[in-house]
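Here is a short briefing on the pockets and the aromatic contacts of the structure shown below. Have a look at the model, then work through the points by topic.

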Amino acid sequence: MALVMGVDSSTQSCKVVLTDAATGAIVRQGRAAHPDGTSVDPEAWWQALQSAITDAGGLGAPGDPDGVAAWAIGGQQHGMVALDSEGRVVRDALLWHDNRSAQAGADLIAEFGADQLARRTGLVPVASFTITKLRWLRDHEPDNAARVAAVALPHDWLTWRLRGFGPTGRSPRGPMLDELVTDRSDASGTGYWNPDTGDYDRDLLIAALGHDAVLPRVLGPGESVRDADGRLVGPGAGDNAAAALGAGARTGDVVVSIGTSGTVFAVSAERTVDATGTVAGFASADGAFLPLVATLNAARVLEAIRRLLGVDHAELSRLALAAPPGAAGLRLVPYFEGERTPNLPDATASLTGMTLASTTRENLARAAVEGMLGGLAAGLDALRGLGVPLERALLIGGGAQSEAVQAIAPLVFGMPVEVPEPGEYVALGAARQAAALVAPR
């Protein structure tokens, strides 16, 4: 039995699965927590990855029956990992949900135009994307910006470190910046990569950072590199693209992932261009495209109302299902900590339609579920508006396990909804990618 490893380095934690390369069955797994915050020292991810691998029983020696033959990493997208010429992290990484770079996005749009940016990169810059974080660094920390010799994303940097590269004196293979690698899906979330040509748009990078820098080489589907012990290493993927692989999504499927934030992404053979910026024209990990709409407020909405009502999630579902559709007019706009879609980084939540009759615990619970799902349904409508085929919705993520979410989603989405068995779909997708590297040809 050949073992492969898949990793999910998310905002909250690092999950590792070791699977049978032939069957995909999980053999061992491990986990470690990440620190909170929107600005994080990447060293914390490296420590968590090593802890999670140890928790899963270790990599073993290549060639051993219990050893890992190949591995790949899926990870949170967009986070800015800036490195100096010695491979040291210049400053804490700004993560996707750090909104301080919202003005930088507006500045880039003013300079280049939303149409032009969407055509060149598939994206219209908002605070989430790496390009705006680099512009923020240039404008607010010019000394740090001047030190930047290379820019990586979280999964790129972890792949580099686990292959044995890193800062001088702290890694066996040293700071070889040209050994940084990434994949199409994560590169497509930077704001300076062109999904048509497969090349970086250096002019946009320079406009953001103020100078050129080393960027990870983009590996194609099926390409690999090796770690210091000779194991095959897959390109990895951004978390959503890895989840699509893990869930087995196909053309016509739309994956609705309900975690702390929400994402709606579809498997498409065709590239999309949306100058409004609602739909990000991401690439997939398998050579196709993954148009995506993201919301900042998903399961956190349910958690906020659960705490307010003083109930657990099962009781929140019971209350919501006891209320009528539409919650008797009670409506929750769930922008608790700003929003990405629509792009309202400074927005707050609001509750409307309150009357003596509508203001009940049941209606509030229902309004929370409908409000969260309504934001995701707007994403479905945006994809349909670009001609993306949508036939079936797959609900994944922690929020998808809510009985109320499962019951109400088909009513809000207006389409068939399936809920796969709960699983670590990002890590499983990365493991599936690694397994393809050792499969008989």
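The second largest pocket of this predicted model is lined by 34 residues, with Y335, E339, T341, P342 and G375 nearest its centre. Its volume is about 450 Å³, while the largest pocket has about 870 Å³.

**Second largest pocket**
- Helix 2 (102–112), strand 20 (331–333) and helix 12 (361–385) are the elements that each give two or more residues to this lining.
- Helix 12 contributes the most, with seven residues.
- By class, the lining holds 17 nonpolar, 13 polar and four charged residues.

**Largest pocket**
- The lining of the largest pocket has 40 residues, and D8, S10, Q12, S257 and G259 are the closest to the centre.
- Elements giving two or more residues to it include strand 2 (13–20), helix 9 (239–247) and helix 14 (425–438).
- Its lining is made up of 14 nonpolar, 19 polar and seven charged residues.

**Aromatic pairs**
- There are three aromatic pairs in the structure.
- F129 and F282 form an edge-to-face pair, because their ring centres are 6.4 Å apart and their planes stand at 80°.
- F129 is in the loop between helix 3 (114–121) and helix 4 (130–140) and F282 is in strand 18, so this pair ties together parts 153 residues apart in sequence.
- F129 and F282 are both buried.
- Y192 and Y200 make a tilted pair, with centres 6.3 Å apart and planes at 40°.
- Y192 is buried at a relative accessible area of 2%, and Y200 is buried at 18%.

**Charges over rings**
- R100 lies over the face of W136, 5.1 Å from the ring centre.
- R184 places its charged end over the ring of F289, at 5.5 Å from the centre.

Definitions and conventions. Residues numbered from 1 in each chain as written. Predicted model: local features only at pLDDT ≥ 70, side-chain atom pairs only at ≥ 80, totals over all residues. Heavy atoms only, no water. 1 Å grid on protein atoms, 1.4 Å probe; cavity = no way out; pocket = protein on both sides within 12 Å on 5 of 7 lines; lining within 4 Å. Points joined across faces, edges and corners; volume = space filled by probe spheres on them. Helix = DSSP H or I, 4+ residues; strand = E, 2+ residues; numbered from the N terminus. Nonpolar A, V, L, I, M, F, W, Y, C, P; charged D, E, K, R; others polar. Phe/Tyr/Trp six-rings, centres within 6.5 Å; stacked < 30°, edge-to-face > 60°. Buried < 20%, exposed > 50% of the residue type's maximum accessible area, 1.4 Å probe, protein only. Lys NZ or Arg CZ within 6 Å of the ring centre and 35° of its normal.
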